[in-house]
Amino acid sequence: MSLEQHAIIIILAPLLGALVISLIGGLHRRVAYLTLVAALAVSFSSTIATLSQVAARAAEGPLHYFLGDWQPPYGIELVIDPLNALVLTMVAGVSLLVAIYSKETVRRESPDRLHHYYTLFALLVAGLLGITATGDIFNLYVLTEIAALASYALLASGRGFAYYATFKYIIMGTIGACFYLLGVGYLYIKTGTLNMAEMQAFMTRPALLHSESIRVAFILIMVGLWIKMAFFPLHGWLPNAYTRTSTTTSCLVAPLMTKVSVYVMIRVMFGVFTLPYAYHVMGWNTAVVWLASLAIVAGSIGALAQTNLKRMLTYIIVAEVGYMVGGAWLGNAAGLTGAIYHIISDGLMTACLFMAVGAITFKTGEINLEAMRGVFRRMPVTAAIFVVGGLAMIGIPPTCGFFSKWYLLSGGLAAGHYGFVVALLFSSLVNAVLFFRLFEIGYYPLFDAQSEAGQHDKVVVAEAPLSMLVPMLITAAMILVVGLYTSRIVSGLIEYALPAGLKL
Amino acid sequence: MEDLFNYIIGRYNYWAAIILLLIGLYGMIAKNNLLKKVIGMTIFQAAIILFYVSIGDKRGATIPILDHGHGTHQAIEAAAYANPLPHVLMLTAIVVGVSTLGVALAILQKIYRVHGTIEEDEILETIDQ
């Protein structure tokens, strides 16, 4: 296996995995699970290989992979640069961990259609990795739809009210994807190409810089992506769809879908359009950052009002999307660094929290705040993992959540956008209230007949199964590791991912 | 007046696409019946497909197939052939549209089994209870 082929193996492994699972996954329930884990492990190791390759030549420019050896204007290419190498590693890593974690939950939640579930799982991951790796703007649309269709079916696996919530998501998701497609049509009319790099080369011409069609294309693509990433006020579909679904699906979809959409937004802003176009010609900066500040405040207040653990986390996602969009639109290096870094750290934090809540629900059968009661005694390891995720969400060093907030805050201060700074601090405060309330509930024992009789010490420790604990532990450890290696990630990779004209 | 007339008639393909787009969007957002929302979604996608197909067209152009394309090395006049690329792109978009429609209809069926109705206000009443 030569080194250049890694770029395509990242996508092919889950895609072929989906095929194999749908063909032979029905033979035995273990076949589907093992095939999925194997396919994602291959994909993850390829992302690691690509990441180290890209890091070694960060200053020289991106890696190109031509599908079928057709050169760019005619063929589709994969472009791996420091920005998407990082996102690819995060997506492949988190999905591998969730795949391992899913062994018991899927068996309980969809026992009769286990291999169908895993086929969709693999397809969703293939779609997300493809979106991240591709260098072709129409190919990106197709892969978005592959990921979206798989996620619709996965979200509907929650049954009951999940169907209606998923239906709302289908309608919103299709509107978003169609807006994007329409925008691509405008760009194609004006430039005659679908390759991102070539499109960007055209975009510097003054005739296109001030063209109305290009402006409309930019607006359509941005609005389409904002619907897809649930950016306030287009977030209405997300809390219901992510809450009602099954544990595994929320663990997989919640950390990845919105983050990949944010990546696509950053890629389109600087890889298709140019930095001066996004920041100066459109003149949207202040308005979008204000909207992001509103998203952060609205998401945080929404989270405070919830009594369902999973629902509370979904509102935190809405706030986190505000962080990243705001950071990307601040218009300075620190803000954009914060946004890119936050894609990675938020993916890990969200995965950690959703998996911990999933494990608690798995053992207690409850999803309300009361499910946390006595959790530190009954499930000490899961509780510790939940604490790490919660502290990262609040932004306490040395977790990665602290560093992304640090960059976002310094970006906000440098841009003089104090509304965004206040919103960030407000959201940290709200997160502190939210999580310390949960920690408090968790420390008190169950109020049942036994504890009244004075038998406090005889609490039975009932931990989640090992197949759930190990991936959760790795995620929690990664939160700390990524936090401790922040300076190396930023100076070795993200600095090269910033568009020319922005320097730290 | 004549300018306005030319402005509308000269770009009639765009106007047709925009009108269909708005009908579809209206159906998706304003209709109470979920099946009508799906119909709106289909119209919305069809509008974009028509938009793409129309931009590949050229006046007096023919289908992009070369007679005796192999072996001869004469110059090919691009203006005589319609642009095949948008059409090919739309083949993919049609497949995507059909899959989305399939998933939407399957979930609609499930909604009907759970809630006993596909009217949005009635579903919301059952969820509140």
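Where is Pro233(A) found? Pro233(A) sits in the loop between α9 (212–228) and α10 (238–244) of chain A. The model described here is predicted.

Most residues other than glycine have a negative phi, and most peptide bonds are trans.

The peptide bond from Phe232(A) to Pro233(A) is cis, with omega near 0°. The loop between α9 and α10 of chain A also holds Ala230(A). Ala230(A) is not a glycine, yet its phi is positive, at about 60°. Is Ala230(A) buried or exposed? Ala230(A) counts as buried, with 27 C-beta neighbours inside 10 Å.

A cis peptide bond also joins Pro397(A) and Pro398(A), where omega is about 5°. Pro398(A) belongs to the loop between α17 (380–394) and α18 (400–415) of chain A.

## A strand pair in chain A

Strand β1 (residues 63–66) and strand β2(A) run antiparallel and pair over 4 bridges.

Strand β2 (residues 77–80) of chain A shows two directions. Glu77(A) and Val79(A) point one way, while Leu78(A) and Ile80(A) point the other way. All of these residues are buried.

The loop between β1 and β2 of chain A contains Asp69(A). Asp69(A) has a phi near 60°, a positive value in a residue other than glycine. Asp69(A) is exposed, with 7 other C-beta atoms within 10 Å.

## Helix α7 and its cover

Which residues of helix α7 (residues 196–203) of chain A are buried? Met196(A), Met199(A) and Met203(A) are buried there. They cover an arc of only 60° around the axis, so they lie on the same side of α7(A). An α-helix has 3.6 residues a turn, so residues three or four places apart point the same way.

The cover over the buried residues of α7(A) includes α5 (137–155), α6, α8 (206–209), α11 (247–272) and α12 (275–281) of chain A.

## The nonpolar core

In soluble globular proteins, nonpolar side chains tend to be buried together. The largest nonpolar core here has 220 residues. Phe121(A) and Cys352(A) have the most contacts inside this core. Helix α6 (residues 162–191) of chain A gives the largest share of the core, 20 residues.

What does Cys352(A) touch, leaving aside its neighbours within four places in sequence? Cys352(A) is in contact with Ile385(A), Val388(A), Gly389(A), Met472(A), Thr475(A), Ala476(A) and Ile479(A).

## Chain B

Chain B has 5 helices and 0 strands. Along the sequence, its pattern is α-α-α-α-α. Its C-alpha trace spans about 75 × 50 × 15 Å along the principal axes. The radius of gyration of chain B is 22 Å, whereas a compact globule of 129 residues would have one near 14 Å.

Of the 129 residues of chain B, 23% count as buried. Among contacts in chain B with a separation of 6 or more, 52% link residues 24 or more positions apart.

## Where the chains meet

Note on methods. Residues numbered from 1 in each chain as written. Chains lettered and ligands numbered in written order. Predicted model: local features only at pLDDT ≥ 70, side-chain atom pairs only at ≥ 80, totals over all residues. Core = buried A, V, L, I, M, F, W, Y, C linked by C-beta atoms within 7 Å. Buried ≥ 20, exposed ≤ 12 C-beta atoms within 10 Å, placed from the backbone. Contact = placed C-beta atoms within 7 Å. Pairing = 2+ DSSP bridges. Rg over C-alpha atoms; globule rule 2.2 N^0.38 Å. Arc of directions from axis to C-beta.
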